[in-house]
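Q: Can you walk me through this model? I'd like the contact between the chains, then the fold of one of them.
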Amino acid sequence: MKPPVLRSPSADERAWIAEQAARRLSPEEFQSYVEAPVSEWERENAGALITWFTTRYKTPLERLAYARRAQARHSARLRK
Amino acid sequence: MEANLALVKGSEFDEALFFRAISQSGLRALLIGRRALIALGIPVMTADYDFWIHIDDIERFNAGALLFELIPDRTPLEARRSGRYRLQNDELVDVLVARSVPGPDGPLVFDDVWSRRNTLTSDDGGSNICVPSLEDLIASKRIGSRPKDAEDVRLLQQLRKQREAL
């Protein structure tokens with residue numbers, strides 16, 4: 001299956017995304033996000049991801065190298 | 001075909017050699033931020049590197065980084081004054097050099113965080129990566145307070161639970 005080709009966001013969209021991503025949450029907002037109940041789906045999904053990652057890439061250097069390749073693939077898709 | 005490969009390929013930056021050089025230099029350098037999560041086993045995306053180094057190790061860290069053509073954007077004196085600086089080429093390395101950073105639960109002090117660090121070892125034996133303890137990583141994320149920091153805390157808590165269950 002071909003990976004999806006993502007549309008590159010406009011300059012305005014980029015600015016909005018960057019602003020949202022860099023926004024500092026108040027201590028209350030942060031705490032409520034962190035303490036929100038973990039759903040069964042989230043627990044299983046996150047657990048499976050960590051298990052897959054640490055089993056497939058056993059050393060920290062292998063994990064870092066994988067993340068670097070994944071980031072390069074992601075950036076390449078955005079450039080298209 | 002070659003053009004496509006060039007798009008997918010990362011830069012010529014030799015990440016493994018970079019970490020080996022840090023490891024073998026004896027520098028007090030902690031990998032923090034999302035790369036630390038990745039090294040610990042959480043697959044998240046990030047484009048840059050974040051380190052927290054001892055304030056007395058700036059010159060040696062820069063000398064090692066120069067071998068990878070990473071250039072500091074501030075002099076060591078300026079970095080000491082501001083508490084942080086960047087190393088750059090087509091890679092970006094954010095370097096925190098403050099002795100301590102204020103947090104919601106009190107200051108996070110480099111010497112304390114360093115004393116509680118986790119050393120992650122690789123099979124090659126020469127590339128140990130030092131990261132803060134899980135508790136200190138979570139505390140550092142609380143200082144960031146961005147939405148992605150909150151997501152990272154949830155993932156770190158999940159990692160801690162998985163480890164406790166083993």
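A: Start with a definition: two residues are in contact if their C-beta atoms, placed from the backbone, lie within 7 Å. The model is predicted, so local features need pLDDT of at least 70 and side-chain atom pairs count only at 80 or more, while totals for chains, interfaces and linings use all residues. Residues are numbered from 1 along each chain as its sequence is written, with chains lettered from A and ligands numbered from 1 in written order.

Q: How many residues does the contact take from chain B and chain A?
A: It takes 33 from chain B and 32 from chain A.

Q: Which elements of chain B give two or more residues to that side?
A: Helices H1 (2-8), H2 (15-25), H3 and H8 (147-165) of chain B. Helices (H or I, at least four residues) are DSSP runs, numbered from the N terminus; strands are runs of E, at least two.

Q: Which gives the most?
A: H8(B), with nine residues.

Q: Switching to H3(B): buried or exposed?
A: Mostly covered: eight of its eight residues, 33-40, are buried. Buried means 20 or more other C-beta atoms within 10 Å of its own, exposed 12 or fewer, and partly exposed in between, with C-beta atoms placed from the backbone. B:Arg34 and B:Arg35 are among the buried ones.

Q: What follows H3(B)?
A: B:Gly41, with a positive phi near 125°.

Q: And chain B as a whole, how many helices and strands?
A: Eight helices and nine strands. Of its 166 residues, 35% count as buried. Its C-alpha trace spans about 45 × 45 × 35 Å along the principal axes.
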